[in-house]
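Biologist: Hi! Could you walk me through this one while we both have it open?
Modeller: Happy to, let's look at it together.

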Amino acid sequence: MFFNSLSFAIFLPIVFFLYWFVFNSSKKAQNTLLIIASYYFYSCWDWRFLFLLVFSTGLDYFTALKIENSRSKAERKTWFWISVGVNLGFLGVFKYYDFFAVSFSKLIEGFGMQANPFLLNLVLPVGISFYTFHGLSYIIDIYKERIRAERNFIDYALFVSYFPLLVAGPIERATHLLPQVKVKRSFDYQQAKEGIHQILWGLVKKIVIADSCAQYANAVFDNYESMNSLSLVLGAVYFAFQIYGDFSGYSDIALGTSKLFGINLLKNFDYPYFSRDIAEFWRRWHISLSSWFRDYLYIPLGGSQGGTWMKIRNTFIIFLVSGFWHGANWTFLAWGFLNALYFLPLLLSNKNRTHTGNIEGVSFIQGMKLIPQIGLTFALTCLAWIFFRARTITDAFGYIKRMFSNWQFKPQYFNIERYNFELVLMLVLFVGFEWFNRYKIEPISGKYSYPKICLAIIVLLLFGVYSEYKSFIYFQF
Amino acid sequence: MQQFIRKIGVILLTTVLLLCLFDWAYTEVYVCSIPRNKTKYVLGLKDQKIDYVFLGSSRVENHIDTQLIKTLTSKKVLNLGIQGAKLDDNYLLLQLLIHNNVKIGKLFLQVDYIFNTESISTIVSSESLPYIRKNEIIRNHLEKSNPDYLAYYYLPFYRYQVNDYKIGFREFFSSVISKKSKTDFTDGFVPKQVKFIKNNNFRLPDSIIAQNKVFNQIDQLCKDKNIEVIYFCAPFCSTVRQSDYIDKLKRKIPSLKDYSKTLDDTLFYNCGHLNGEGAKVFTRMLVKDCMQHEK
């Protein structure tokens, strides 16, 4: 059940009605309904994986209590590593086993030996990377005594399985979400209105921007050997907007949906393509994952403290792990590696926190400085996205090589019967619209909200892509 | 909560009104526009005689050089091959031609692996959707063949959204500004570039279905309307010739004229499509075999 599907359009109003009109007597009733709805939502993909989700929830709930009640440090450590081991074990088996088996056999073959790897060929349970990280953050926080273990199983289960964030985040923290699910929610018109606006804007990003860009990006990436430099540059730009529209659109719908139930989720995107350097980009892109890695990996490793080599080591670890989190493929590792290379000069020159605030009112002189900064950051990001999108490392290098060697910039007609430049105007308008609303969570709220709603609906109806159903990219992670 | 429900109501009402408005505007534009696809062109053909009509997929559109046939035979020829078309598309076009009182001297239908496909195609049915409420033939055809018929017919704007690739905003805008199609529909021939692109992945099916319902309907319609029909299979490149699929097809259609193994690889654009030169050679073969005596 995708957020942009008819089934979700039926599911959401039903749950909303039951939540506010039938199960509104107590927090327990509200949470029980949301748990049932969440498990139904998840089972719509594959009901068999529901057992995995319930098991993972039960394990973390139980081990968290055991950690907290441990009488010795050793016992505490044992329960902690059981939980971490089982959680990462599931992730490893479902997501990474085949990759390692194939890579190892290729390595063996490289030495002239015969290898016939045993592959599991398992279907990846949707959202496993997200709910595993949910559980891990909770367990680590308990172990580090930052929070108390949750005694109420329903409240904890809702924290892990809450349907708006279940399959593609944002990756919530117990300190943020649990206090909200532990109290009875009452209806707040302003919050619900914002939620509707955010859902609408998320749909525009997904159905209009991401899905339109996907058609063009696919046409370029799947046939890059016959593309000229202009098409290849545009292909990378189209993919940059495809993944942004897709994932930030999904996050907007998730956050908006959650607001309808009186629960605020963590912000996941903050206009990342207006970043002035890569460090700022990573503070604005997939914020919940970046901050997860910062808090649970980078800082425990020593962060930016210590010597130069430690900083370099930690930077590469965090970006490589982040890349690998996205998928078991060398392309994701290369993407992470490239981002580490981008980030390192800023870190070593202590400029990684130069741009932390919003871009305030811009004068002409400031604009002249901003444009190259934003442009360069966007170009570097697009270059990295090529690795993220390419099927193999060879394809990625082939794509980049051709982009810088073909040197032809004529309009090209794709096999999808579209010219390469056709989407540029739409993207320019989209960027402009986002630029002028960059201080807001979504651009619809505020003055003239009704005309803006009408405009969003018109854009959705006229420019949305409905013919070829596409799921959200981040569901595969 | 009341305020919220009112807001949702206003949004839903706005959406429904916009859907109705867009549905009306799109339909009017498509009905009044110049032909931008072969379906619309066929809808405009009325009360005339065409000596040779070719139906099929891109293996007709790219292969049948209509101008050459006109030069060689001095007859009126129409190439109605459409890229990606299936027998279902061909059947609908044939029905429209007959309905519009177009007399067909001889019908040429290209049949190959598409014989294995009975399912509906999105090509002609998509292009015909703007006329679903105005054309009886289209309505009847889609009612029988398309599982989404009721939604297409009754839900405003649904047909344009679901088929946006063919009849969405891009096509609507091109129709509004009367942008001419690259294809000359009076001719219908679209030659491929000269370059041969290896297409080693292309394979003919291993097995053949017992019978094709749509093929039988076309055959029956031609018999009923006394239309002489020639079934033929256009050439394939050498890498797919090992397959015995075409032999199986010939057993299903004994009158099938098999050209699948007739041309050299140098005359191909890819394994299933001839280049411009190949199309000329193949067209001459067809003229010699099927039209020469009528000159």
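Biologist: How much area is buried between chain A and chain B?
Modeller: About 2500 Å² is buried between chain A and chain B, and carbon and sulfur atoms give 66% of that. Buried area here is the accessible area (1.4 Å probe) that two parts lose on being put together, summed over both. Y189(A), L461(A) and L462(A) supply 24% of the area that chain A buries against chain B, more than any other three residues. Keep in mind that this is a predicted model, where local features need pLDDT of at least 70, side-chain atom pairs count only at pLDDT 80 or more, and totals for chains, interfaces and linings use all residues. Residues are numbered from 1 along each chain as its sequence is written, chains are lettered from A and ligands numbered from 1 in the order in which they are written, and side-chain values use heavy atoms, with hydrogens and water left out.

Biologist: And how many residues does the contact take from each chain?
Modeller: Chain A brings 30 residues and chain B brings 23 residues, with contact meaning heavy atoms within 4.5 Å.

Biologist: Switching topic, where does S229(A) lie?
Modeller: S229(A) is in helix α10 (residues 229-260) of chain A. At 0% relative accessibility S229(A) counts as buried, the cut-offs being under 20% relative accessible area for buried, over 50% for exposed and partly exposed in between (1.4 Å probe, protein chains only).

Biologist: Which backbone atoms lie 2.8 Å from a polar atom of its side chain?
Modeller: For the side chain of S229(A), the backbone oxygen of M403(A) is 2.8 Å from a polar atom, and the backbone nitrogen of W407(A) is 2.8 Å from one too. S229(A) and K410(A) are 181 residues apart in sequence, yet their C-alpha atoms are 8.5 Å apart in space.

Biologist: Now chain B: is N100(B) buried or exposed?
Modeller: N100(B) is buried, at 6% relative accessibility. N100(B) sits in the loop between α5 (87-99) and β3 (102-110) of chain B. A polar atom of the N100(B) side chain lies 3.1 Å from the backbone oxygen of V42(B), and the backbone oxygen of L43(B) lies 3.2 Å from a polar atom of that side chain.

Biologist: What about F115(B), where is that found?
Modeller: F115(B) is in the loop between β3 and α6 (123-128) of chain B, and F115(B) counts as buried at 3% relative accessibility. Leaving aside neighbours within four places in sequence, F115(B) is in contact with residues including L87(B), F215(B) and Y245(B).

Note on methods
Helix = DSSP H or I, 4+ residues; strand = E, 2+ residues; numbered from the N terminus. Polar contact = N/O pair within 3.5 Å; in protein donor to acceptor, adjacent residues only side chain to side chain.
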